[in-house]
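Thanks for coming, everyone. Please put the model up on the screen, and I will walk you through it.

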Amino acid sequence: MNNHPIVKFTILVTSNPASKQSNATAYQFCHAALKAGHLISGVFFYLDGVLTASNLVSPATDEINLPSLWAELAYQYDFPLEVCVSASLRRGIINEQEAEQLDLAHFNLKTPFVLSGLGQLAELSANCDRLMQF
Amino acid sequence: MEKKIGIVNRQPPHGSSDAREALDLSLALSAFNESLSLFYIGDGVYQLLAKHKTDDILQKDFQPMLQMLELYDVEQIYVCQTSLELRNISIDQLVIKPILLSIEAISSHLALQDQLLSF
């Protein structure tokens with residue numbers, strides 16, 4: 001069906017999901033690329049982009065829920081959603097293990113997002129044809 | 001061959017965390033990539049201007065971390081000469097000794113990169 005060469009993308013999302021359109025655009029880009037037969041090596045969330053990984057995001061019913069859309073897409077096409085751990089901790093995005101270590105009452109990392117280091121971005125950057133930042 | 005990664009800094013040092021977190025990212029990537037270039041353009045040049053008094057504004061002084069770039073062998077640090085001139089900043093006032101480039105030279109160096117991350 002598609003005769004174009006397949007491109008392997010790494011996506012860097014640095015934008016806040018609640019206040020910047022570019023986070024939604026990143027999602028739309030991934031969706032369109034995957035539907036066209038391209039590959040996503042992984043999506044790395046950094047800066048305010050890490051707020052996408054909160055399972056407490058609760059928009060009004062007539063608004064989209066970007067964290068849920070990202071999670072669905074990642075499940076459907078089986079690519080990782082990596083979230084920078086240091087950027088996350090300072091913004092209150094916490095997984096179970098960090099909550100235990102830091103003696104916090106709660107954790108809020110949404111599955112299948114995973115906390116990882118910036119080294120993971122280096123790996124994703126090396127392992128792609130194109131890196132796109134949103 | 002290793003990809004050439006360029007990190008473009010265009011924001012002032014404080015007011016948003018872009019500068020500090022871009023520097024965190026640069027230092028981290030330098031451990032994995034030896035072809036890293038940093039660009040300071042526009043208000044980004046203020047990140048390098050010495051004598052920040054960050055305690056007064058409850059921000060973290062990340063300038064000591066700029067010294068780590070040399071330790072991590074990040075040598076391709078480019079600053080837009082025009083951006084400095086427009087802000088009346090001389091190279092002696094900067095906390096590190098970068099390479100000054102004209103706007104045209106910045107453009108051609110940016111074009112050499114395989115990947116650009118912009119903050």
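Predicted model: local features only at pLDDT ≥ 70, side-chain atom pairs only at ≥ 80, totals over all residues.

One definition before we start.

Chain A first. It has five helices and five strands. Read from the N terminus, their order is β-α-β-α-β-α-α-β-α-β. The radius of gyration is 15 Å, close to the 14 Å that the globule rule gives for 134 residues, so chain A is as compact as a globular protein of that length. Its C-alpha trace spans about 55 × 40 × 25 Å along the principal axes. Of its 134 residues, 39% count as buried. Now take the contacts in chain A with a separation of 6 or more: 76% of them come from residues 24 or more positions apart.

Now zoom in on helix H1 of chain A, residues 21-35. That is 15 residues, reaching 21 Å from the first C-alpha to the last, close to the 21 Å expected at 1.5 Å a residue. Which of its residues are buried? They are A:Asn23, A:Ala26, A:Tyr27, A:Cys30 and A:Ala33. These five cover an arc of only 135 degrees around the axis, so they sit on the same side of H1(A). The spacing fits a general rule. An α-helix has 3.6 residues a turn, so residues three or four places apart point the same way.

What does that buried side pack against? Strand E1 (8-13), strand E2 (39-45) and helix H2 (66-77), each of chain A. The face away from the buried side carries the exposed residues A:Gln21, A:Gln28, A:Ala32 and A:Lys35. After H1(A) comes A:Gly37, with a positive phi near 95 degrees.

Next, the loops of chain A. Go to the loop between H2 and strand E3 (81-84), and you will find A:Asp78. A:Asp78 is not a glycine, yet its phi is positive, about 55 degrees. Is A:Asp78 buried or exposed? Exposed, because there are 8 other C-beta atoms within 10 Å, and the cut-off for exposed is 12 or fewer.

Move on to the loop between helix H4 (96-101) and strand E4 (113-116), the place of A:Leu104. A:Leu104 has 14 C-beta neighbours inside 10 Å, so it counts as partly exposed. Leave out the neighbours within four places in sequence, and A:Leu104 is in contact with A:Ile94 and A:Ala99. A:Leu51 lies 53 residues away along the chain, and its C-alpha is 18 Å from that of A:Leu104. The loop between H4 and E4 also holds A:Pro112. The peptide bond between A:Thr111 and A:Pro112 is cis, with omega about 5 degrees.

On to chain B. It also has five helices and five strands. Here the elements run β-α-β-α-α-β-α-β-α-β from the N terminus on. The radius of gyration is 14 Å, which agrees with the value near 14 Å for a compact globule of 119 residues. The C-alpha atoms fill a box of roughly 45 × 30 × 25 Å along the principal axes. Buried residues make up 34% of the 119.

One backbone point in chain B. B:Leu58 lies in the loop between strand E2 (36-40) and helix H2 (63-66) of that chain. Its phi is positive too, near 55 degrees, and B:Leu58 is not glycine. B:Leu58 is exposed, because it has 7 other C-beta atoms within 10 Å.

Where do the chains meet? There, 14 residues of chain B are in contact with 12 residues of chain A. On the chain B side, helix H1 (18-30) and strand E5 (115-118) each supply at least two residues. H1(B) gives the most, with six. By class, that side has six nonpolar, four polar and four charged residues.

Last, the core. The largest nonpolar core has 60 residues. Which members touch the most others? A:Ile11, A:Val43, A:Phe45, A:Tyr46, A:Val50, A:Val83 and B:Ile7. H1(B) gives the most to this core, with five residues. Take A:Val83 on its own: beyond four places in sequence, its contacts include A:Phe45, A:Val50, A:Ile93, A:Phe113 and A:Leu115.

That is the tour.

Technical notes:
Residues numbered from 1 in each chain as written. Chains lettered and ligands numbered in written order. Helix = DSSP H or I, 4+ residues; strand = E, 2+ residues; numbered from the N terminus. Expected span 1.5 Å × (residues − 1). Buried ≥ 20, exposed ≤ 12 C-beta atoms within 10 Å, placed from the backbone. Arc of directions from axis to C-beta. Contact = placed C-beta atoms within 7 Å. Rg over C-alpha atoms; globule rule 2.2 N^0.38 Å. Nonpolar A, V, L, I, M, F, W, Y, C, P; charged D, E, K, R; others polar. Core = buried A, V, L, I, M, F, W, Y, C linked by C-beta atoms within 7 Å.
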